[in-house]
Each structure stands twice: as structure tokens, then as C-alpha cells.
Amino acid sequence: TGPQGIAWNDDGTRLYEVGTGAPNKIYQLNVSTPFDITTASPDTVINAENDSIEGIEWANNGTRFYEVGIRPRKIHQYTISIPYDITTASVEKSIDTQDTEPNGIAWNNDGTRLYEVGSGSDKIYQYELSTTGWEAF
């Protein structure tokens, strides 16, 4: 209940869901027909850092993902040892959000800019990262 965000792996065979109705959980679903949610089946559930998760986003290579939430207002970076497999996830870093009610995050293609959107101030925030991209979060 209370879904807030979804993300796909690169080939559409895994779907990830986060929300406010199942506090502190990230769901991984297997999808037998790429990008067709009617073929999705539950696979794995892990605990998240935020109690009220609003969004999830992957780095392009599937070795990191990011969650954003309201309690606490943080963006957490997870590292993954097997690309797009959340069972291998561990929290690497966390930063405070700019907005008091963050609702989502997105990356540009090379990982040098992170965007945060929030309803507390009705703004989009841009974070500038070095040329090393996601690793510099």
C-alpha cells in the first residue's frame, strides 16, 4: 500500500517498488516479459534506510541505487556487488535532502548531476558531481 516510486533495471526484467504504506521496504519483482508489469512476480524484499520512502533510482550500470525519503529526509546510496540484485545491497553514503518533503530523484545519463524534487518548496534541486559520476555522490 502507499506506492510512491518505481524503477526498472536496464533490460526490463526487474522492477523495484518503494512506498509509504510498507515502511522501510524495497521490493524487487522479476518480470518474465520485459517491461510488462502483468508478468511481474515478487522476488525479494529488503529493509531500507528511510521509513517513508518516496523514490528510488539506479545508476546506469546497476552497481548503485539511491532512495529518497521523508523520515529521515535523506538520500541514501547503496552499493550492489551483483548488478541490479538488491539482495547484495549495502548502504555506502547518505546526504540530507534540500527539500523538507522530498518526493523523487533522478540522474542524468553520465551520473554527474542528481536532481531532487520536493513538495515542501515546490522546487527541483540540482546537485553537481565530479566527472566520476555516481561514485562521487
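Author: Ring pairs join Tyr16, Trp58, Phe65, Tyr78 and Tyr84 into a cluster. This is a predicted model, where local features need pLDDT of at least 70, side-chain atom pairs count only at pLDDT 80 or more, and totals for chains, interfaces and linings use all residues. Side-chain values use heavy atoms, with hydrogens and water left out, and residues are numbered from 1 along each chain as its sequence is written.

Reader: What makes Tyr16 and Trp58 an aromatic pair, and why is the pair called tilted?

Author: Rings of Phe, Tyr and Trp (its six-membered ring) pair if their centres lie within 6.5 Å; planes under 30 degrees apart are stacked, over 60 edge-to-face, and the rest tilted. Tyr16 and Trp58 sit 4.9 Å centre to centre with 55° between the planes, so they pair and count as tilted.

Reader: Which other pair does Trp58 form with Tyr84, stacked or tilted?

Author: A tilted one, at 4.9 Å centre to centre and 50° between the planes. Trp58 lies in strand β5 and Tyr84 in the loop between β7 and β8, so this pair ties together parts 26 residues apart in sequence. Strands are DSSP runs (E, at least two residues), numbered from the N terminus.

Reader: How do you know whether Trp58 is buried or exposed?

Author: Buried means under 20% relative accessible area, exposed over 50%, and partly exposed in between (1.4 Å probe, protein chains only). Trp58 has 5%, so it is buried. Tyr84 has 7%, so Tyr84 is buried too.

Reader: And why is Pro3 called exposed?

Author: Its relative accessible area is 55%, so Pro3 counts as exposed.

Technical notes:
Helices (H or I, at least four residues) and strands (E, at least two) are DSSP runs, numbered from the N terminus.
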